[in-house]
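Student: Hi! I'd like to go through a structure with you, bit by bit. Could you put it up?

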Amino acid sequence: MAGVLIQMRTAILRRSTQGRRALGGLALVLLVTLLAAGTLWAGLVRYHVAGAGTDVLATLSFGWLLGWVTGPLVTGDDAALRMDYFKLLPVPARRLARAIMGVAFANVSLVFSLIAFASLIAYGARSGPAAALAGVASVLLDLVLAVVASTVAIAVFGPVVSSRRGRDFGTMVLALVITLLSVASGLVPILARRLTNGHSPALSALVRILPSGWGAVAVEAASRSDWGLMALALGGLVLLIAVLLAAWPPLLARRLTMSVRAGGRSAARPAAARTRRPILPPTPLGAVLGKELRLYSRSVLRSLMLMISFLVGVLVCVIPAFSGNTSLLPFAGLLFTTIAAACFTNLYGDDGSSLWLTLVVPGAYRADLRGREWAWFLVVGPAGLLLTVVFTAISGQPRFWPVVLATEPALVLGSAGLLALISVVSVNAPAADGSPSPMRVLKTHVALIAVPAAALFPAVALLVAGGAWHLRWLQWLAVPAGLAWGALLGWWSGRLAQRRLERQAPEIFSRLRAA
Amino acid sequence: MRGPQAPNGSPPGEGDAPALEFAGLYKHFGPNVAVDHIDLRVPRGSFFGLVGPNGAGKTTSLSMAVGLLRPDGGTVRIFGRDVWSDPVAAKALIGVLPDGLALPDRLTGREVLTFLGLLRGMSRAVVGHRADELLRVLELDSADGTVVADYSTGMRKKITLATALLHSPRLLVLDEPFEAVDPVSAATIRVILQRFVAGGGSVIFSSHVMALVEQLCDHVAVLAKGRVEVSGPVAEVSAGRSLEDAFVHIVGARPGGTEGLSWLAS
């Protein structure tokens, strides 16, 4: 039976790894190979402090095992062999459990993990054959643990992540983790220094106590001929694997017999909303504004984009401040606004075919477009201005005041119209699985440069000229000039967008419907 | 058009104009002609069924009728007003239920209705009152806190129908309104539509279910390969047979399923 399942999975994976996805897969393989090689290297280098190598390897093993266990959370069940395929099979759960576990071991990812965990053998080999052998045992047990824990995690998380809300949650977690990791990579050297110079006994104890650290502990114990501790660590791994294996069939049975619901019912609270007095005017513009503001708080894509804009904008400017460099702080609001503008340059494309509602209502185009502009302005503008004012104030660098006051309001005003214009001129429908299409991602990247360039060039020109000729008044002149240009650009590009929507709405809709 | 009801050559005046009129309507997608110079009249106050096999051009024609898809040729008039040259006047008269299109799915049903009502310039009080009634009659009031994303297919159909009815239009254009709707809801929708027609409204809807069209409609048109094969009062089109038999005869199809599969019953 395991053989049949492996064939089935190979067939599904072959179908799904063609074209663009294959390219993405290649990038992922490269990344994972680099990570594996890096881990192996950590087992080869010499450490100045005794035991530091064990801490580092235990930490890295934790990362790899975490990847195995959280993988299903991200991909939503096993992406290829969905549990639901087996619900109707007249096969005993125990036999199916054995087969699925068998399939799990036929996994290419094990090669990368083998390279990574081999760092334990390399680390042990330096202290003699006994430690190297302990390393071999640790590697095998860690690999088995990785596969078993990952499979069990599917049964545990599966029902959660199979639902739409669960997938939303998974996507959100993944995007946030990637964002935080890329931004916080500045923190990795600090963490590494703490581990390698042995200054953090608490961190060291933590990474060793977790099951992911037991392999490294066993190797170190073997190198000291501490056989008791070695046996304890390796025995612990065996016991953990046995417990997981015993828990697997009943968990699978539960997973196969439970019905996957769409998760808890909606987050909307209309009862409260109805008793609240409406703030927005009962006009077409107010209607669109209300709808858009609700979507900003309820749509996963939108809240995600806002959150990423905020985190990247703030962290990129704040992290250097930890090492004493506060000159980026005043620009946190500007960076947040730029990213938030670039992310929302596909307002119509992201909404998909629901544009039909606007098409069947007579004369609704103007309200629809202006409502979308205002909603973005109200969501992003105040936050960007607040970030700018607060971080410039705490940066203690008053020379930046004219710079930020000339740019932030201009960017907010100009972007509101520009993003509407870009949304109408270039409409990128979501991909089949609801994720942003490659063209939409490309557009966002171009907009990251183009939107601030268009909105800020008069202000920046005055600021640069004022700086070059040491004319303070010229720099301050950039503030009203920036404001005026931003307002003009926002109004003018918004009008262009409205005209184009009025002329082209059925064509825009056809593109969205075809996708 | 080869039907009992030949189209009127000159466009009629607004006073007696038909509820919906296609004249030489044409649309192609690349080399495929989806709608091939259709002429069709939906009389005022009629309950009009549009039937045809998959790919016959039903959705394409209805999309062009309501302003969602620009025709390559021909005109569409609603009560004498051209949908494409006078869209504001024409669109004010119709309620639309398209098939398989998205709604702003993170809003609740009531929020969708409120949004649309205000977008149409209705007052908040009227929108609130009508939304209450529509949600109750369509039995969506128990799902008041549920966003449309969590609706079943049938519930989506019903909330979309509510958006079509909200502004009390004079013509309803419905694409597959009964698909994926449970029998009880289907009966509710039938009664609502019959009351609408009895009150002077006009309905055109597309469907695969012949029995339903036969039971509900007074007029029917059969579309096949982008052309109107026949159109007129149901009794004339079916000519003594059941509408289903007439349909199979008109589109020249032969029901399959009699060959092979000998192992199935053993």
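Student: Thanks! In chain B, where is confidence lowest and where is it highest?

Tutor: Good place to start, since this is a predicted model. In chain B, helix 9 (residues 243–251) has the lowest confidence, with a mean of 85. Strand 7 (residues 171–175) of chain B has the highest, at 95.

Student: And what does chain B average in pLDDT?

Tutor: Its average is 88, and 94% of the residues score at least 70. Residues 1–13 of chain B are a stretch to watch, with pLDDT below 50. Beyond near neighbours in sequence, that stretch has 23 contacts in the model.

Student: What ipTM and pTM does the complex get?

Tutor: The predictor gives an ipTM of 0.88 and a pTM of 0.75.

Student: Okay, now the two chains together. How many residues are in contact?

Tutor: 35 residues of chain A contact 33 residues of chain B. On the chain A side, helix 13 supplies the largest share, nine residues. By class, that side of chain A has 19 nonpolar, ten polar and six charged residues.

Student: New topic! How do helix 15 and helix 18 of chain A pack?

Tutor: Their axes are 7 Å apart, at an angle of about 160 degrees. Angles over 145 count as roughly antiparallel, so that is how helix 15 of chain A runs relative to helix 18 of chain A.

Student: Which residues meet there?

Tutor: Among them are A:Phe336 and A:Ala340 from helix 15 of chain A, and A:Leu387 and A:Phe391 from helix 18 of chain A. The residues of this contact divide into nine nonpolar, four polar and no charged.

Conventions
Residues are numbered from 1 along each chain as its sequence is written. Chains are lettered from A and ligands numbered from 1 in the order in which they are written. This is a predicted model: local features need pLDDT of at least 70, side-chain atom pairs count only at pLDDT 80 or more; totals for chains, interfaces and linings use all residues. Two residues are in contact if their C-beta atoms, placed from the backbone, lie within 7 Å. Helices (H or I, at least four residues) and strands (E, at least two) are DSSP runs, numbered from the N terminus. Ala, Val, Leu, Ile, Met, Phe, Trp, Tyr, Cys and Pro count as nonpolar, Asp, Glu, Lys and Arg as charged, and the others, Gly among them, as polar. pLDDT is the predictor's confidence in each residue, from 0 to 100. Axes are lines fitted to C-alpha atoms, for helices over the stretch in contact, and angles run from 0 to 180 degrees between N-to-C directions. Angles under 35 degrees count as roughly parallel, over 145 as roughly antiparallel, 65 to 115 as roughly perpendicular and the rest as oblique.
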